[in-house]
Amino acid sequence: MSNESNNTPDGKILILATETCAYPGANSVGQAHSSYPANTYILRVRAPVLFPETFYLDCFKKGIGGIIIMACGEECPYDGAFHALSKRLDQVFKTMKAKGLDLRRLRLTAICTVCNRAFLKEVNDMNALIQELGRPTEGEMKAA
Amino acid sequence: MSSNKKESTSEPRVGVYICHCGGNISDHVDVEQVAENIRKIPGVVVSHTNTFMCSDPGQELIQEDIKSGKINRVVVASCAPSLHELTFRNAIKRADMNPYLYDHANIREQDSWVHHGDPATAKATTLVAAAVAKTKRLEPLDPIRVDARNHVIVIGGGMAGLRAALDLSSRGIAVSLIEKSPFLGGQAANLDKLVPTEASAGDLIKQLAQAAVEDPNIQISTCSQIVGFEGYVGNFKVTVQTHPPDADTRRQIIRGITSDKSQVGKMIPFVGYFPSAVPTSEQTRIIDTGVIVFATGFKTYTPRQGEFGFGDFPEVITLPMFIRHMAQAAANDKHLSFNGKKIRRVAMIHCVGSRQIPGIHEADENDYMNEYCSRTCCSATLRAAMEIRENFPKTQVLDFYRDIRTYGRGQEDYYDRASESNVLFFRYEPEDSPLVEKNSSGDFPLKISVKDTLTFGEEIEADVDLIILSVGMEPNPITGLVDMMKLPVGSDRFLQEVHPKLRPVELANTGILLAGTCQAPMDISETCNAAQAAAVKASALLGKGYVELDPFVAGVDLAACSGTGACVDVCPVDAVKLKPVKINGEEVERAEVNPAICTGCGVCVAECPHNAIDVKGWTLKQYEDMVDAIVAA
């Protein structure tokens, strides 16, 4: 394929954005025509609690440089889902630590439908981090 | 759909349709290049571009490819899915293909409007490739259809509950209105004249309550509470307990009127509309209903002991107390008086119990803070200030505010009129809130001081006879109902809608709707708006005699399920149960999902050790394939 070479050495950022909060929030950033790095890929999710621990580790293994979970936070429309997600991520962070993966590669944040500034900050911060760390190293990918 | 089986078993043949959006996309993304890139992906059989995919010619492009048998999966790359996902689903359905064999790539809001040039084109290619990867794994789905009872339970007999009940009844839907107190009208009964129309709250309550009482389609149960709940949209079973009011309630709320049957059918000022004599014995019954409307309302904030002198000084009262006092004052009084004393100067303080800031204000005994604006108190305060100035011009009014928020039609006029009537305004910062002290000298009982930002921080001190605290709204304590029905609650403790803009009266629990101030602070106009919206939504849900629900609910792969019950344990809405089934002649337990209850949150997916449960249309494998496509691009 031509013209698809944004597979930069700096890696890619995966954003799991909830369909009721963060995904419309990302659209709101678009409506404001506020630019942010193009190595960001937003997946629309109903609730990120769906993903098991292995999903995150597999993403890093595949070469994803950073993952931002943009959830609804305490405003989650699904009873108990945010609490369950936080609990699961505790476990993911423990595993990442044990495997030597930089914990900053995974970030949980709450983004609302109009949180333009917060969205841009999260994306730019993660991009700066990925620039610094690069994509996961061979060692990190094997460990994951 | 007869073609479903064929669609699910056939090798995926994906049609990709990329929209120019009249330049919104194509000015920044080389859409022809994207189409060419995508054409090379295995399984993609057509890859077209069009100036406006949402236009009739654009939709016809998809329909022609479906009808000719070229494609059995569709990807549209265009604007945000919230705008046209349904448009394309319907177009696909009209071409006799399952509408859920379709995915949407958002290359406008999340690409061409935020990136430019080559990176935008490359990202569009990646996003479309990810959508293609997901689409290949899609299965045909059908909306879930459940029979629905043409009946609604409305919980709460205030303005929202009454308005919703009447609107539902006018649509031919039977209503059971459940009210815990002996009266109708809710908190509105504690008001007098309303902004901006100056209508009497009591008259409005009476108008709605009388109509509800006389409506044979509305069954009103006062002194009643919900004590049991099961079922799902269209088929809820709700247990209602009716009981005589306890002695305290009789004494404090009813004030003896229940024994006087002549009060039935009357609006009792600052109490409520009395629809029927109170029950004399306890009774429990089960009501089958299709939809439940929450109209449980709010309570006013009670200031803490000592907050602006409240509880310490009898001359510090809340705005609702003052409204009642004014309404009951004799019309020919020459002077404003309180507790027999002439009131020469009044101070009013805004934002008491609203817009609280951690670190500045004190949390309550449960560690909660009301960080939200209660929205209605500024106008109500200014109205009360105006009433004082117009009826008792010799009484001065000092107004201490953080911000004046007289939002809404006709409400800013109150601020203008108050200014013209010589109400004196002082603005304070939350960290320098007014200080209320006993006045040790002079003949005024209280002294109020504040750093006034309108005069650039000048320290102002004034002697006053009365201080009125403009208290905000708090959600009514309905923890029992929240726990019983597993309802989502926001960090502000109000009930949490699915989406504040797009689905503002729906809870994630399908079939349970919101009306009024159980959701957020509102005035009566907004409350009636919300109640009418909830009634229309309920009517739309029940109108066909059955309910069609999104098919995005959990589904069990029985071949992989070993009956661990992990999904049952974590399901927040009890939608998954273990059921006995026979496999190879042996009776075993396997997970079964009640699709009418399942909200599709996916909490069960990650917990299953055998990956035997997934959310239809949003499966884990689909996400994994999308990640693979993103990484590979």
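In chain B, 73% of the contacts between residues at least 6 apart in sequence join residues that are at least 24 apart. Welcome to this structure, which is a predicted model. Chain B has 633 residues, and 50% of them count as buried.

**Chain B as a whole**

- The secondary structure of chain B comprises 17 helices and 32 strands.
- Chain B is split into domain 1 (1-141), domain 2 (151-297 + 476-547), domain 3 (303-466) and domain 4 (551-616).
- Between the C-alpha centres of domain 1 and domain 3 of chain B there are 60 Å.

**A five-stranded parallel sheet in chain B**

- Five strands of chain B make an open sheet in the order 8-7-6-14-27, and their pairing is parallel.
- At the edges are strand 8 (218-221) and strand 27 (512-514) of chain B, each of which pairs on one side only.
- On average, neighbouring strands of this sheet are turned by 20° against each other, ignoring direction.
- Strand 14 (residues 291-294) of chain B runs parallel to strand 27 of chain B, and three bridges join them.
- Helix 7 (residues 159-170) of chain B lies across strand 6 (151-155), strand 7 (174-178), strand 8 and strand 14 of chain B. The helix runs at about 165° to strand 7 of chain B.

**Val293(B) and the nonpolar core**

- Val293(B) stands opposite Leu513(B), a residue of strand 27 of chain B.
- The largest nonpolar core has 243 residues, and those touching the most other members are Val128(B), Val293(B), Ile467(B) and Ala515(B).
- Beyond its neighbours within four places in sequence, Val293(B) is in contact with residues including Val152(B), Val154(B), Ala164(B), Leu513(B) and Ala538(B).
- As background, nonpolar side chains in soluble globular proteins tend to be buried together.

**A hairpin in chain B**

- Strand 30 (residues 576-583) and strand 31 (residues 586-593) of chain B pair in the antiparallel sense, with eight bridges.
- These two strands form a hairpin with two residues between them. One residue in the turn, Asn584(B), has a positive phi of about 50°.
- Lys582(B) has Glu587(B), in strand 31 of chain B, as its bridge partner.

**A closer look at Gly555(B)**

- Gly555(B) sits in strand 29 (residues 554-556) of chain B.
- Gly555(B) counts as buried because 20 other C-beta atoms lie within 10 Å, and 20 or more is the cut-off for that class.
- Leaving out neighbours within four places in sequence, Gly555(B) is in contact with Val593(B), Asp614(B) and Lys616(B).
- Gly555(B) and Asp614(B) are 59 residues apart along the chain, yet their C-alpha atoms are separated by 5.6 Å.

How values were computed: Residues numbered from 1 in each chain as written. Chains lettered and ligands numbered in written order. Predicted model: local features only at pLDDT ≥ 70, side-chain atom pairs only at ≥ 80, totals over all residues. Pairing = 2+ DSSP bridges. Helix = DSSP H or I, 4+ residues; strand = E, 2+ residues; numbered from the N terminus. Axes fitted to C-alpha atoms, helices over the stretch in contact; angles between N-to-C directions. Contact = placed C-beta atoms within 7 Å. Domains from an automatic or database assignment. Buried ≥ 20, exposed ≤ 12 C-beta atoms within 10 Å, placed from the backbone. Core = buried A, V, L, I, M, F, W, Y, C linked by C-beta atoms within 7 Å.
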